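Here is my note on the model you sent.

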Amino acid sequence: MVQIPFNGLILKMKNLIDQIISDNKHGSTVLFKQAVQYFLTIDEERFLLDIKRESKKLADHFYAMGLFQKLNAELQKIQSAKKLKSYLWQIQTHLYKNQDMINAIAVKAIYTSCTLLTISHSSLVRETVTAINKSGTLQKIFCLRSAPANEGEILVKELLDRGLNAFLIEDEEHHGLIDETELLIMGCDLLSTTFFINKKGSKNLVEWTEKNNIPVWIVGDLLRFIPVFQARISKDSLFEQIPYSDNMKILCEKGLITQQEILDELMAIKARDEKGKN
C-alpha cells in the first residue's frame with residue numbers, strides 16, 4: 001500500500017498551487033513558469049503522485065490555458081521522478097528559447113516607428129514590446145486597463161519601469177485611437193485550429209481592428225496549441241474564444257504566420273501528435 005506523504009513539503013506545494021490558482025493579475029506564461037519551477041525543486045520519487053495531483057488541479061482550473069493542459073497530459077503519463085524532471089527542464093528551456101526567437105522575429109518585422117495597442121497582461125507581449133523598443137522602432141504603446149482584474153495597470157507599470165512610452169487607457173477608449181493605432185498586439189492562453197483564447201474583451205477589440213483595417217499580432221508559442229478544445233467557457237469567465245481573421249497573424253517561434261500558415265502549422269503539429277500516440 002502506498003503511503004501518502006503528509007509533511008511540510010506537501011503542504012507547501014498545495015499552498016503554492018492555490019496561490020497560482022487565485023492569481024488573476026498575471027498571464028498564463030508567468031503562472032506556468034511558477035508551477036514548473038516549483039515542481040523542479042521536488043525530485044523525490046515519493047512525491048510523484050502529489051505532483052500529478054497538483055498538475056491536474058491546475059489543468060482543471062486553468063482549462064482555457066493550453067500550457068497547463070499540455071503539461072498535465074504529459075505528466076500523467078510519466079512514471080518516474082527522473083523522467084518528470086527531465087520533461088520539466090525540457091519544457092522550461094523551450095519557453096525561454098521560444099521567447100528569444102519571438103523577440104528577434106518581431107524586431108525584424110517592425111522596421112519603422114510604430115504605435116501599438118494591447119490588452120491584459122501578457123509576459124510574452126511585455127518581452128516582445130521591450131525588444132521592439134530596444135531596437136528603436138517603438139513610438140508608444142497603449143494598454144487597456146482590462147477590467148475587472150485591471151491587470152493592464154501592472155503591464156503599464158512594468159513597461160514604464162523599463163523606460164517604454166506606455167499609456168494606460170480605459171477599455172472603451174481604444175475607439176478614439178483609430179488614427180494612432182498601427183498594430184494590435186496581444187497574448188493568448190490557448191491556440192487551436194480555428195480560434196485562440198484570450199482575456200475577455202479581446203474579441204470586441206479584434207472586431208474593431210477588422211472594421212478599421214488595423215493588423216493584429218497574436219503572440220504565443222506553439223506549446224499552447226491544443227488541436228481539440230471541447231470545454232465550454234462559462235459566461236462569467238475572464239476568457240473568451242476569438243476566431244482567426246484575415247487581418248491576424250500569430251507571432252510564434254516559427255515566424256510571423258499568416259492565417260493559412262496558422263492552420264497548416266497547427267494541423268502539422270496535430271498530425272505529429274496523433275502519430276506519436278500510435
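**Notes on the fold**

1. Helix α8 (residues 202-211) lies across β6 and β8. Its direction runs at about 30 degrees to β8. Axes here are lines fitted to C-alpha atoms, for helices over the stretch in contact, and angles run from 0 to 180 degrees between N-to-C directions. Helices (H or I, at least four residues) and strands (E, at least two) are DSSP runs, numbered from the N terminus.

2. Basis of the note. This is a predicted model, in which local features need pLDDT of at least 70 and side-chain atom pairs count only at pLDDT 80 or more, while totals for chains, interfaces and linings use all residues. Residues are numbered from 1 along each chain as its sequence is written, and side-chain values use heavy atoms, with hydrogens and water left out.

3. The sheet. Three strands form an open sheet in the order β5-β6-β8, with antiparallel pairing. Because β5 (190-191) and β8 (239-243) are the edge strands, each with a single partner strand, one side of each has no neighbour in the sheet. Two strands pair if DSSP finds at least two bridges between them. Strand β6 (residues 195-199) and β8 share five bridges in the antiparallel sense. Across that pairing, Phe196 stands opposite Ile242 in β8.

4. Packing of α2 on α4. Helix α2 (residues 28-40) packs against helix α4 (residues 66-75) at an angle of about 30 degrees, and the axes are 9 Å apart. That makes the two helices, α2 and α4, roughly parallel (angles under 35 degrees; over 145 is roughly antiparallel, 65 to 115 roughly perpendicular and the rest oblique). From α2, the residues Ser28, Thr29, Leu31, Phe32, Ala35 and Val36 meet Leu67, Phe68 and Leu71 in α4. Contact means heavy atoms within 4.5 Å. Seven residues of this contact are nonpolar, two are polar and none is charged. The classes are: Ala, Val, Leu, Ile, Met, Phe, Trp, Tyr, Cys and Pro nonpolar; Asp, Glu, Lys and Arg charged; the others, Gly among them, polar.

5. Leu75. This residue also belongs to helix α4. Leu75 counts as buried, at 0% relative accessibility (buried is under 20% relative accessible area, exposed over 50%, partly exposed in between, with a 1.4 Å probe and protein chains only). What does Leu75 contact, leaving aside its neighbours within four places in sequence? The partners are Ile51, Lys52, Ser55, Leu84, Tyr87 and Leu88.

6. Helix α6. Residues 123-134 make up this twelve-residue helix. From first C-alpha to last, α6 reaches 16 Å, close to the 16 Å expected at 1.5 Å a residue; the expected span is 1.5 Å times one less than the number of residues. Nine of the twelve residues of α6 are buried. Among them are Leu124, Val125, Arg126 and Ile132.

7. Backbone points to check by eye. Ser120 has a positive phi of about 70 degrees although it is not a glycine. The loop between β1 (114-118) and α6 holds Ser120, and Ser120 is buried at a relative accessible area of 11%.

8. The loop between β2 and α7. Ala147 and Pro148 are joined by a cis peptide bond, with omega about 5 degrees. Pro148 sits in the loop between β2 (138-144) and α7 (152-161). Asn150 is placed in the loop between β2 and α7. Its phi is near 60 degrees, a positive value in a residue other than glycine. At 22% relative accessibility, Asn150 is partly exposed.
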